[in-house]
Amino acid sequence: MTEHPASHNAAPAASKTTIRAALVSALLPGLGHLMSGHRRLGAVLGGGFALGAAIAFFHLFSGLAIFESALGSFAFGALLRGLTLLWAFGSLDVYLRGLGLGDASRRANTVANFLLPGAGYLLARSWVRGGSSVLVMIVVVYVGRLPNRYLDLIFIGFQLIAAFGVYHQQAMAQLERERDQPRLVPHVDHLPVVQIQLLVQLMAAAVLFGWIVLLRMNDVSLLRISDDDVVVRRRVGGIAVKLDSHQLSFMATGSGWKHQRGVDGGAFFRARHQLGASLVLGVQPVLPFVRSERYLLAVQRQLEGSGYHLERQQSLQVGGLSATQLRLSRETSGMTLDRWAIVVPRGDLAYVLILSCGREICQRLLPAFEKSRDSLRIGGGAGPRAGL
């Protein structure tokens, strides 16, 4: 069979287009698809990536309240992993399309089902499997409201199963259609430049994906505190508290404090003063991808939820660690109630000490409260420890 000269001239032109498309897709997923004539997918990829990246940057630099809960932190981790996948998929898909390899719609549905389990099934018009995946997603969202260090791994496993499911379903359907038809083997014009780029890009995406998962796997076991974990002893100067699992010690200074047993949520020490003041010491998780100042704002919102408003904020050192002191107040029944809060972030945990009382009583107890605050030691911090 005689080959026409035109067939030799078409391949280099297609190769150059594929090279340019794959390179620009590394800058912005979807841009290479637009250059190659796949406008609809290019617009979806580019628009989705740009919107997701804008939301991610805004949250990291300014903070969004929607991502400051346990479920929000889980959703933000899934968003970052999705952006990483889209970045790698953009270049890989446009490269394979340029070579005519594989089923493009099958790849798109597979990625869609990984990003949002059920979406790929719905695109493939598999309504029952799509609806089942949506129901599982509802369960994941419900569980995501509670801190769980393994939730990301469980969700990724579900994503992989969903992606494989839609890929396998469409592959089997394709085999059925091609059973009685001769299979055409496409001519592959290998592009070493793009292959090197894709190798580096896929390795970078895998590292970034794993790093995001690792950040989300914070150890929540330290939040499981029982009465047996907290050692409380009355001393001459007040009540001494020790929590070995956190290397924490504290002294509620003064003779008028009475310890109230019971661990409620993250609050592991409560005391009531004979003058009517209350003292609470607890620990809370600092969610991944939430900066300390954003966490401080979340604590302030919690305190303001019961009608308090911020009067003063001060940065200080507590036991060698950076801390922030908040003073809030509210008016009720003709009197002013004060609430002093000390927030000490340390890693993925934050320790909160709160004094609540009427203004006159708080003024009388302020010197003792400051001594109590300064006695707090976490993780072997510098300074004298409250003796036990």
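In helix 5, the buried residues are Ala104, Arg106, Arg107, Asn109, Thr110, Val111, Ala112, Asn113 and Phe114. Buried here means under 20% relative accessible area, exposed means over 50%, and partly exposed lies in between (1.4 Å probe, protein chains only). Helices (H or I, at least four residues) and strands (E, at least two) are DSSP runs, numbered from the N terminus. The model is predicted, so local features need pLDDT of at least 70 and side-chain atom pairs count only at pLDDT 80 or more, whereas totals for chains, interfaces and linings use all residues. Residues are numbered from 1 along each chain as its sequence is written, and side-chain values use heavy atoms, with hydrogens and water left out.

Helix 5 covers residues 104-115. Of its 12 residues, 9 are buried, so helix 5 is largely enclosed by the rest of the structure. Its buried residues pack against helix 4 (70-99), helix 6 (119-123), helix 8 and helix 9 (192-216). Contact means heavy atoms within 4.5 Å. The end C-alpha atoms of helix 5 are 17 Å apart, which agrees with the 16 Å that its 12 residues should span at 1.5 Å a residue. The expected span is 1.5 Å times one less than the number of residues. Helix 9 has 25 residues and reaches 36 Å from its first C-alpha to its last, close to the expected 36 Å. Its buried residues include Val194, Leu198, Phe209 and Arg216.

Helix 7 (residues 127-143) packs with helix 8 (residues 151-178) at an angle of about 175 degrees, and their axes are 12 Å apart. Axes are lines fitted to C-alpha atoms, for helices over the stretch in contact, and angles run from 0 to 180 degrees between N-to-C directions. Helix 7 and helix 8 are therefore roughly antiparallel to each other. Angles under 35 degrees count as roughly parallel, over 145 as roughly antiparallel, 65 to 115 as roughly perpendicular and the rest as oblique. Helix 7 contributes Arg129, Ser133, Val136, Met137, Val140 and Val143 to the contact, and helix 8 contributes Leu151, Phe155, Phe158, Gly165 and Gln169. The contact residues comprise 7 nonpolar, 3 polar and 1 charged. Ala, Val, Leu, Ile, Met, Phe, Trp, Tyr, Cys and Pro count as nonpolar, Asp, Glu, Lys and Arg as charged, and the others, Gly among them, as polar.

Rings of Phe, Tyr and Trp (its six-membered ring) pair if their centres lie within 6.5 Å; planes under 30 degrees apart count as stacked, over 60 as edge-to-face and the rest as tilted. The count comes to 6 aromatic pairs. Phe74 and Phe155 form an edge-to-face pair, 5.3 Å centre to centre with 75 degrees between the planes. Phe74 lies in helix 4 and Phe155 in helix 8, so this pair ties together parts 81 residues apart in sequence. Both Phe74 and Phe155 are buried. Phe114 and Phe209 form a tilted pair, 6.4 Å centre to centre with 45 degrees between the planes. Phe114 lies in helix 5 and Phe209 in helix 9, so the pair ties together parts 95 residues apart in sequence. Ring pairs also link Phe67, Phe76 and Phe289 into a cluster.

Ser73 is found in helix 4. Ser73 is buried, with a relative accessible area of 1%. Not counting residues up to four places away in sequence, Ser73 touches Phe67, Arg216, Leu287 and Pro288.

Phi of Ser333 is near 55 degrees, a positive value in a residue other than glycine. Ser333 lies in the loop between strand 8 (321-332) and strand 9 (335-346). At 78% relative accessibility, Ser333 counts as exposed.
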